[in-house]
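Me: Got a model open here. Can you walk me through it?
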Amino acid sequence: MNPGNMMTNPITQSTPLGNIQEGQEAVVIDDNNEEGENDKLDEDDEFHIPKRNKTSEAWEDFNEFEENGNYYAICRYCNKKLSRGKSKQTTSLWRHRNSCPSRKASLRQAAQQTKLNFQPADDAFPSIPPLHTGKFDMEKMREAAAHWIVMHEHPFTILEEEGLNIFLKRGMLEWQKIIRGVAKNDCVAVYELEKKKLKKKLRNVKKVSLTTDLWKSKNQKIEYMVIIGHWIDSDWKLQKRVLNFVHIPPPRRGVEIAASLFKCVKDWGIEQKIHTISVDNASANDVAIRVLRDDFSRSKKLLGGGLSEIADIVNKIRDSVDFVNRSETRLLLFAEIAQQLQIPGKKLLYDCRTRWNATFEMLSCAMKFKDVFPRFQDRDPLYDSCPAYEDWEKAEKVCSVLEKFWAATHVISGSEYPTSNLFLQEAVKIKKLLDSRENDENDFIRAMIRKMKAKFDK
């Protein structure tokens, strides 16, 4: 056996010398050799990435394979087989690479085509397009930098850091430094673009629920209210988006909270789609919800327009109540007449024109004093809107219908958690009432019920 053909296999000191096989060379490594360690550290003090064994560019066009103990390289374009020889140099590879006609034709064809790079799909980065031209675009880089700042809440000055710019310049020679003012403007532009996209999505949403929370920033010492929208999309997936951060200075009254909420939903174009509003138990929020309930209801038809069938009757009684309550003298005169007729109670109730529950309460209270209004008209010549006897009869029939709705509303809204065993029972009562009065003998009741029923069935 020729010793020159043997592979040298270094072994450590921990290998017993008795186990060394023929052809192996014993190499003893001393762990305490500080000089050797220093020599190793001095080999390369620069940062580098470990490279592959084949570093020559020629191997980009060849594949290596072994056959009968000999090594060959085969061209990827024309499949010509080249012998590597004992030295395994790449001279022959370079020679063929420069003269291969198939390679030249392939490179010419590639140069005539547009280079398209398909990025791998990644659910973690949905904003990255799968199709990329391969060209550097500083505008797209600025947009991506703005997303990065917003996503991780970085300061605008982060793009001015020297180390970051050196890092980006190494990989992209076309990279240009972004100053803080430009970064701020880019973030605002990205926000406006995303807001426009979200507005477009909300156009196809039928109902949006809101949640709010108020807190004080520890760093800025400023009080904020965050408004979040929740809805179900067309794929039946729950969506949640922050709609606004609002600065509300103390004392944060309910009317100011309500005004900020309404301004926010108005800006997003969803004031007609608000389904629920969830707030914390602060006393100011109670006032805010009462105000918002009236504001939102003004833009919606009450009971599907059912009360519009008796608008003349309701308006006549409402005007009478308003006329009496407008003056202290009239109130005293009205109370005096009621006392003479031995009718308990002295006060008429105002109603909110946009809340049918309040309209029912106003009508039912006014009917107790229906005998007072004609005598009041005799004693006050300015009063000219006294309801007729037929008007009171119609109002009484209307109240017999609205009373069921009023009772059901109080049962449901009177509980903090209206579970199905409460809600469904009241819904069944309303359904039975509407079915039983759908063919009422009175035309105005029949018309009102049919509109209510259409709304209820929907």
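Me: What strand order does the open sheet of three strands have?
Reply: The order is β1-β2-β3, and the pairing is antiparallel. This is a predicted model: local features need pLDDT of at least 70, side-chain atom pairs count only at pLDDT 80 or more, and totals for chains, interfaces and linings use all residues. Residues are numbered from 1 along each chain as its sequence is written, and side-chain values use heavy atoms, without hydrogens or water. Strands (E, at least two residues) and helices (H or I, at least four) are DSSP runs, numbered from the N terminus. Two strands pair if DSSP finds at least two bridges between them.

Me: Which strands stand at the edges?
Reply: β1 (62–67) and β3 (81–83). Each has a single partner strand, so one side of each lacks a neighbour in the sheet.

Me: How many bridges join β2 to β3?
Reply: Three, with β2 covering residues 70–75. I74 sits opposite K81 in β3.

Me: Which helix packs on that sheet?
Reply: Helix α2 (residues 91–99), touching β1, β2 and β3. Contact means heavy atoms within 4.5 Å. The direction of α2 makes about 150° with that of β3. Axes are lines fitted to C-alpha atoms, for helices over the stretch in contact, and angles run from 0 to 180 degrees between N-to-C directions.

Me: Switching to α6. Which of its residues are buried?
Reply: A183, D186, C187, V190, K195, L198 and L202. Buried means under 20% relative accessible area (1.4 Å probe, protein chains only).

Me: What do they pack against?
Reply: α4 (138–152), β6 (208–216), β7 (223–232), β8 (238–247) and α7 (254–268).

How values were computed:
Buried means under 20% relative accessible area, exposed over 50%, partly exposed in between (1.4 Å probe, protein chains only).
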